[in-house]
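Hi,

Here is the structure I promised to pass on. Have a look at it first, and then read on for what turned up.

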Amino acid sequence: MPRLVIAAPSSGSGKTTVATGLMAAFSERGLAVSPHKAGPDYIDPGYHALATGRPGRNLDAFMCGPELVAPLFAHGAAGCDLAVVEGVMGLYDGAAGRGELASTAQVAKLLRAPVVLVVDASSQSRSVAALVHGFASFDPQVRLGGVILNKVGSDRHEVMLREALEEAGMPVLGVLRRAPQVATPSRHLGLVPVAERHTDALASVAALAAQVRAGCDLDALMALARTAPPLDCEAWSPDRASSAVEAPESGRGAPGKAAAPVIAVAGGAAFTFSYAEHSELLTAAGAEVVTFDPLRDEALPPGTSGLVIGGGFPEVYAPELSANEPLRAAVAAFAASGGPVAAECAGLLYLGRSLDGKPMCGVLDADARMSERLTLGYREAVAVSDSALAQAGTRLRGHEFHRTVIEPGAGAAPAWGFTHPERRVEGFVQQGVHASYLHTHWAAEPSVARRFAEAAAARR
């Protein structure tokens, strides 16, 4: 599988611009391009999917473990001609205090993939050679195959940069000029998701493809991608991962032996955060996954016996979510009946009494509001209470990413106890509801999806 990792010295250098533009430009050539993102980010993969027509997939060595990075990559890239992996933060930045864990460099090494360094050259000339030399030599196991210079100011500027890098023996694979017309709007948690600006996002991706096509040597980049050696691993399989989970104590076996339980998954502009593997694992566990939009749909999908409400931006759409009273009532009634509900972050806020003063579903006796403080970082957690999602004692690694607070932060039966980097309890377990700020990746613990599908099957 030809593959490239697109990295940078730091955040804000242009990784997303270059990675998305490359994905789109190679797709325009008729190649099947597999898009990937290092780290837990949900938003960039939406632009990757728009550029390639395939699900954007995350490769997170903290949440899933280093041993799953290559198998998950192989699963997503199956049948493709090229894979492009966008890095996270700076090349060597990873989980705080954990060395290289979850860094772009670690992902590149696990994938045995050449790295292309995107450098913001707007405020330097010959110093770019020293910068690139440092990144190339810091870890000899990371193979830096070339540089793409971003935000280059003029022809003269480009000449100086190329001369410096030629002295350093580093190939220049592309030069991109400043192009504000292809900038993607941001707000409090990063880029605005594709689902909220689909038409404009299509135009942005097309402009990125044109910029990369004009400024980058696509043939040289493809040649570099082809130098990646074979991966010695078996592709991850949701069916195999699910079947490896011990059958529930009830002995009923997989729910797929009877009519598939319907698990409704929230989508639309307000709930855009999800990992493709979650739905794949639920399907492998015998469920029928159906998407609904809480902004538009006034009822849950027919036959719903399980409800998943993931992350997103309910704070942006609080008035519209609140105005959809029929759906709020349906969600509340489903939860009150003991139906299994898995809610993460945005889902937690939606299940509360209110969000910024706007009435929500009222499932949880808690109120949420926007905050000035960004809560961001990896967490190690253990399930405190038995729930439809996890048995007490189940250990998972996850990620928090929000600029809201909910009061109280935990119910009488908390969802998780965090063990690192701080010790506290968080979230709510009541009847069939498991609601928390913690984002998790179920590929790391397939029993979560199997257990939830079983709980949904028991509702039929």
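Predicted model: local features only at pLDDT ≥ 70, side-chain atom pairs only at ≥ 80, totals over all residues.

Start with residues 249-256, where pLDDT stays under 50. For the protein as a whole, the mean pLDDT is 93, and 95% of the residues reach 70 or more.

Now the overall build. You'll find 14 helices and 22 strands in the protein. Its radius of gyration is 23 Å, close to the 23 Å that the globule rule gives for 460 residues, so the protein is as compact as a globular protein of that length. If you put a box around the C-alpha atoms along the principal axes, you get roughly 70 × 45 × 45 Å.

How much of the protein is buried? Buried residues make up 58% of the 460. As for contacts with a separation of 6 or more, 76% of them are between residues 24 or more positions apart.

- Glu-407 and Pro-408 are joined by one, with omega at about 0 degrees. Pro-408 sits in the loop between β17 (395-407) and β18 (416-420).
- His-420 and Pro-421 are joined by another, with omega at about 5 degrees. Here the proline, Pro-421, is in the loop between β18 and β19 (424-426).

- Asp-356 has a phi of about 50 degrees. You can find Asp-356 in the loop between β14 (354-355) and β15 (358-359), and it is partly exposed, with a relative accessible area of 38%.
- Gln-431 has a phi near 50 degrees. Its place is in the loop between β20 (428-430) and β21 (433-436). Is Gln-431 buried or exposed? With a relative accessible area of 57%, Gln-431 is exposed.

Cheers

Notes: Residues numbered from 1 in each chain as written. Heavy atoms only, no water. pLDDT = per-residue confidence, 0-100. Contact = heavy atoms within 4.5 Å. Helix = DSSP H or I, 4+ residues; strand = E, 2+ residues; numbered from the N terminus. Rg over C-alpha atoms; globule rule 2.2 N^0.38 Å. Buried < 20%, exposed > 50% of the residue type's maximum accessible area, 1.4 Å probe, protein only.
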